[in-house]
Amino acid sequence: MQKNTTQINLIKPDDWHLHVRNGKALKSVISMTAKQMGRAIIMPNLNPPVTDANGANAYREEIISALPKDSVFKPLMVLYLTDKTTSEVITQAYNAGVVAVKLYPVGATTNSDGGVTNIKNIYRSLETMQKLGMLLLVHGEVTRSEVDIFDREAVFIDEVLAQVTSDFSELKIVFEHITTKNAVDFVRESSDNIAATITPQHLLNNRNDMLVGGIKPHTYCLPVLKRVEHQRGLIEAATSGNPKFFLGTDSAPHAKTDKESSCGCAGVFSAPHAIELYAQAFDQAGAIDKLEGFASKFGADFYGLAHNTSTITLKKQDWVVPASYPFISGDIVPFMAEKTLSWKVV
């Protein structure tokens, strides 16, 4: 990366955790990511979810057909893990080019009702994945009602993830959208097979930003924003240059009417300006020179993929995030809507 006071050049980044939905919603948002990212890990929690190779192939083709004709963006497909996923299904998906399998604890987030009810139910699938070298992507929360929502990630580490990493020492795991210093410490202290993604909202916000002065529904996501000390821990990890931590937006499109309703849909939409958000966070931490590794190198390295060959340029200039974007039959409100950011892709 070349650096001066007003402009930086980066190897084109990748998004290692992205929701684009399907149908009309997909067509509304996919080009936003394709403009900034070379590749993206596509989450499989559709309704119904992507649970086998045929579903993954069909979803890949739907995404590609929704892209602009000149786009070189590449979707990387993921399988949705259930209690009933067999080793044969895992192997077929791997042979079809599916790069990873996603663990959603049942009821943890949007469209996770078909997720895993007990970690032991998927041990045979994990054995197969370990043999194949297929990655496990983890939504790391327990969902028992007696566990405080702010503690669910920490409890998951103690009760589930520590056991899985012990029982499957060669399995490559991405602990997705980590939100706590507990998770940072766990990843740092684990083997090189364990990495983590960090979202822009967890770098730029803490739970005060969501709750003080009235609830802000467009900052509500799962795992939920945590205390400021956890935010500081995430910032330090992201900007440290440690290759175990890399970019994953968890950008999730929900219509404005769904977010501003009794539903309280979980998900923050950051796709249109993802790299600018990360640049904001890194610059505020005095670590803009560390952005390229986090955004463009470390994720590809962990997945065993080559770095992108093209580049993007960010210029230091103030601009205001739009209040909304067109979405299906209404609008979608982006993260940091109507707020000023200091870096812009040019």
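In which loop is Leu 46 found? Leu 46 is found in the loop between β3 (39-42) and α2 (53-66), where helices (H or I, at least four residues) and strands (E, at least two) are DSSP runs numbered from the N terminus. The model is predicted, and local features need pLDDT of at least 70, side-chain atom pairs count only at pLDDT 80 or more, while totals for chains, interfaces and linings use all residues. Residues are numbered from 1 along each chain as its sequence is written, and side-chain values use heavy atoms, with hydrogens and water left out.

**Surroundings of Leu 46**

- Leu 46 counts as buried at 11% relative accessibility, on a scale where buried means under 20% relative accessible area, exposed over 50% and partly exposed in between (1.4 Å probe, protein chains only).
- Not counting residues up to four places away in sequence, Leu 46 touches Arg 21, Asn 22, Tyr 59 and Asn 111, a contact being heavy atoms within 4.5 Å.
- The C-alpha atoms of Leu 46 and Ile 149 are separated by 24 Å, and these residues are 103 places apart along the chain.

**Helices α11 and α12**

- Helix α11 is mostly covered, with nine of its eleven residues buried; among them are Ala 274, Glu 276, Leu 277 and Gln 280.
- The axes of α11 and α12 are 9 Å apart and the helices pack at an angle of about 145°, with axes taken as lines fitted to C-alpha atoms, for helices over the stretch in contact, and angles running from 0 to 180 degrees between N-to-C directions.
- On the α11 side Ile 275, Tyr 278, Ala 279 and Phe 282 meet Leu 291, Phe 294 and Ala 295 of α12.
- By class, the residues of this contact of α11 with α12 divide into seven nonpolar, no polar and no charged, where Ala, Val, Leu, Ile, Met, Phe, Trp, Tyr, Cys and Pro count as nonpolar, Asp, Glu, Lys and Arg as charged, and the others, Gly among them, as polar.
- Just after α11, Gly 286 takes a positive phi of about 70°.

**Aromatic pairs and charges over rings**

- The count comes to six aromatic pairs, under a rule by which rings of Phe, Tyr and Trp (its six-membered ring) pair if their centres lie within 6.5 Å, with planes under 30 degrees apart counted as stacked, over 60 as edge-to-face and the rest as tilted.
- One of these pairs, Trp 16 with Tyr 303, is stacked, at 4.5 Å centre to centre and 20° between the planes.
- Because Trp 16 lies in strand β2 (residues 15-18) and Tyr 303 in helix α12 (residues 291-303), this pair ties together parts that are 287 residues apart in sequence.
- Trp 16 is buried at 1% relative accessibility, and Tyr 303 is buried at 11%.
- The rings of Tyr 278 and Phe 294 have their centres 5.5 Å apart and their planes at 55°, so the pair is tilted.
- Tyr 278 is buried with a relative accessible area of 0%, Phe 294 is buried at 0% relative accessibility, and ring pairs link Tyr 278, Phe 282 and Phe 294 into a cluster.
- The charged end of Lys 172 sits over the ring of Phe 302, 4.3 Å from its centre, the criterion being NZ of Lys or CZ of Arg within 6 Å of the ring centre and within 35 degrees of the ring normal.
- The charged end of Lys 344 likewise sits over the ring of Trp 319, 3.7 Å from its centre.

**Helices α6 and α9**

- The axes of helix α6 (residues 181-189) and helix α9 (residues 228-238) come within 8 Å and cross at roughly 35°.
- Residues making this contact include Lys 181, Val 184 and Arg 188 of α6 and His 230, Gly 233 and Leu 234 of α9.
- The contact of α6 with α9 has three nonpolar, three polar and three charged residues.
- Lys 181, placed in helix α6, is partly exposed with a relative accessible area of 40%, and its C-alpha atom is separated by 5.1 Å from that of Gly 233, 52 residues apart along the chain.

**Cysteines**

- The count comes to zero disulfides, a disulfide being a pair of cysteine sulfur atoms within 2.5 Å.
- The sulfur of Cys 221 is 13 Å from the closest cysteine sulfur, in Cys 265, and is therefore too far for a bond.
- Cys 221 is buried at 1% relative accessibility, and Cys 265 is buried with a relative accessible area of 14%.
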